[in-house]
Amino acid sequence: MFDKNEFKKKVKVWIRQNPKASEHDLHDFCDEIMPPNHFAANQWLINQTVSWYKHILESREKAKKYVEDEEIY
């Protein structure tokens, strides 16, 4: 049986270890850790995970821009 919580834990560890990774890098990692016999049934989880990571990256960029704008003033 595929453990979604274990998948999520692995993803969070990977993100901490790869803070400058791209969405594509994360997608590749998710593909690697997803058991082949559960891949089709859990493709939604990979897509959701990558979307979540995209939001994190966008938030980081906004925060970085905000800090840069504050330093100007």
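Predicted model: local features only at pLDDT ≥ 70, side-chain atom pairs only at ≥ 80, totals over all residues.

Mentor: Residues are numbered from 1 along each chain as its sequence is written, and side-chain values use heavy atoms, with hydrogens and water left out.

Next, the overall form. The chain has three helices and zero strands, in the order α-α-α from the N terminus. Helices (H or I, at least four residues) and strands (E, at least two) are DSSP runs, numbered from the N terminus. The C-alpha trace spans about 55 × 20 × 20 Å along its principal axes. The radius of gyration is 15 Å, while a compact globule of 73 residues would be near 11 Å. That radius is taken over C-alpha atoms, and the globule rule is 2.2 Å times the number of residues to the power 0.38.

Charges come next. The side chains include 12 positive and 13 negative ones, and the centres of the two sets are 6 Å apart. Lys and Arg count as positive, Asp and Glu as negative; His and the chain ends are not counted. Each charge is placed at NZ of Lys, CZ of Arg, CG of Asp or CD of Glu.

Now go inside. Of the 73 residues, 22% are buried. Buried means under 20% relative accessible area, exposed over 50%, and partly exposed in between (1.4 Å probe, protein chains only). The largest nonpolar core holds 14 residues, and Phe7, Val11, Trp14, Leu26, Cys30 and Ile46 have the most contacts inside it. Helix H1 (4–17), helix H2 (23–33) and H3 each give this core at least two residues. A nonpolar core is a set of buried Ala, Val, Leu, Ile, Met, Phe, Trp, Tyr and Cys residues joined through side-chain atoms within 4.5 Å.

Here is the part to study: Thr49. Thr49 sits in helix H3 (residues 43–72). Thr49 is buried, at 8% relative accessible area. Set aside neighbours within four places in sequence, and Thr49 contacts Phe7, Val11, Leu26 and Cys30. Contact means heavy atoms within 4.5 Å.

Beyond residues up to four places away in sequence, Leu26 touches Val11, Trp14, Thr49, Val50 and Tyr53. Leaving aside neighbours within four places, Pro19 contacts Tyr53 and Arg60. Pro19 belongs to the loop between H1 and H2 and is partly exposed at 47% relative accessible area. Glu58 lies in helix H3 and is partly exposed too, at 40%. Pro19 and Glu58 are 39 residues apart along the chain, with their C-alpha atoms 13 Å apart.

Asn42 is in the loop between H2 and H3, and its relative accessibility is 6%, which counts as buried. Past neighbours within four places, Asn42 contacts Phe2, Lys4 and Met34.

Among contacts with a separation of 6 or more, 58% join residues 24 or more positions apart.
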